[in-house]
Amino acid sequence: AVVSTQSTGVSLQKSRVPPVGAVTGHQHNVGPVYSVVCHHTHHGKIPGKSDGKHAWYGWGGKEHRTSDFSYVVVTQRLSEGMTVRFRCKTGKNLRVMGNGDVNGMGGDGQWATFTVHVLGPGRYGFCNKNNYWLAIKGGRPCSSMAYGDPDAGFLLHLNYDNSVSFESQTHPGRYIGVKRKGGHAKMAIAGKPSTKFYTQVV
């Protein structure tokens, strides 16, 4: 269950496709789903909509199309020093092991309990109570023991169902994912169910 979804924030992100956490909705409560965007025009920043291919905004009683816009994105913000666990699709918690393995078969012990570290604007690191950091190296999730390791830095995205996803800062567009069967971690693309984790603040 979701224990905490606190400290969320809103940001603007330029992207070729709607990023994880993009705000969406219907124009008239039915019909196509649009992303909420912010257009960058010579009139200033103007809210509008996008279908993922084109974007429109209203000005002067008319609807205008433009390609210069950013998606409105909701992101999860955690505080420095906060203690958390991340429940995954296996029904258990994400854990980082001493042998380098990352999986979704953790309980409530030290391997699956993390301290949050704020590494920079929108960037986070997660170190478990045994001093192993969640990381992605060589195309796979693993552990790191080095503070400040770039491979152990993540952008944290808040999904529509209040789960979070970890995007690697050294492999943009690639996320930590956990297989339901066996619980082994892998690198996955945005939007996959395997990339969704539910934050529990301990």
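Reader: How are helices and strands assigned and numbered here?

Author: Helices (H or I, at least four residues) and strands (E, at least two) are DSSP runs, numbered from the N terminus. The chain has zero helices and 19 strands. This is a predicted model, in which local features need pLDDT of at least 70 and side-chain atom pairs count only at pLDDT 80 or more, while totals for chains, interfaces and linings use all residues. Residues are numbered from 1 along each chain as its sequence is written, and side-chain values use heavy atoms, with hydrogens and water left out.

Reader: What share of the residues is buried?

Author: Buried means under 20% relative accessible area, exposed over 50%, and partly exposed in between (1.4 Å probe, protein chains only). Of the 202 residues, 44% count as buried. Accessible areas come from the Shrake-Rupley method with a 1.4 Å probe; for residues, only the protein chains shown count as cover. The chain exposes about 10200 Å², and carbon and sulfur atoms supply 51% of that area.

Reader: How are contacts to be read, and what share of them joins residues at least 24 apart?

Author: Contact means heavy atoms within 4.5 Å. Among contacts between residues at least 6 apart in sequence, 50% join residues at least 24 apart.

Reader: Where is Gly 25, and which residues does it contact?

Author: Gly 25 lies in strand 2 (residues 24-26). Its relative accessibility is 27%, so Gly 25 counts as partly exposed. Beyond its neighbours within four places in sequence, Gly 25 is in contact with Pro 32, Val 33 and Tyr 34.

Reader: Is Lys 49 buried or exposed?

Author: Lys 49 counts as buried, at 16% relative accessibility. Lys 49 belongs to strand 4 (residues 44-50). Leaving out residues up to four places away in sequence, Lys 49 touches several residues, among them Gln 27, Tyr 34, His 54, Trp 56 and Glu 63.

Reader: Which strand holds Arg 174, and what does Arg 174 touch?

Author: Arg 174 is in strand 17 (residues 174-178) and counts as partly exposed at 36% relative accessibility. Not counting residues up to four places away in sequence, Arg 174 touches Phe 166, Glu 167, Ser 168, Met 187, Ala 188 and Ile 189.

Reader: How many disulfides are there?

Author: A disulfide is a pair of cysteine sulfur atoms within 2.5 Å. By this rule the count is zero. The closest cysteine sulfur to that of Cys 127 is in Cys 142, 13 Å away, which is too far for a bond. Cys 127 is buried, with a relative accessible area of 8%, and Cys 142 is buried as well, at 6%.

Reader: What is the phi of Asn 131, and where is Asn 131 found?

Author: Phi of Asn 131 is near 70°, a positive value in a residue other than glycine. Asn 131 sits in the loop between strand 12 (123-128) and strand 13 (133-137).
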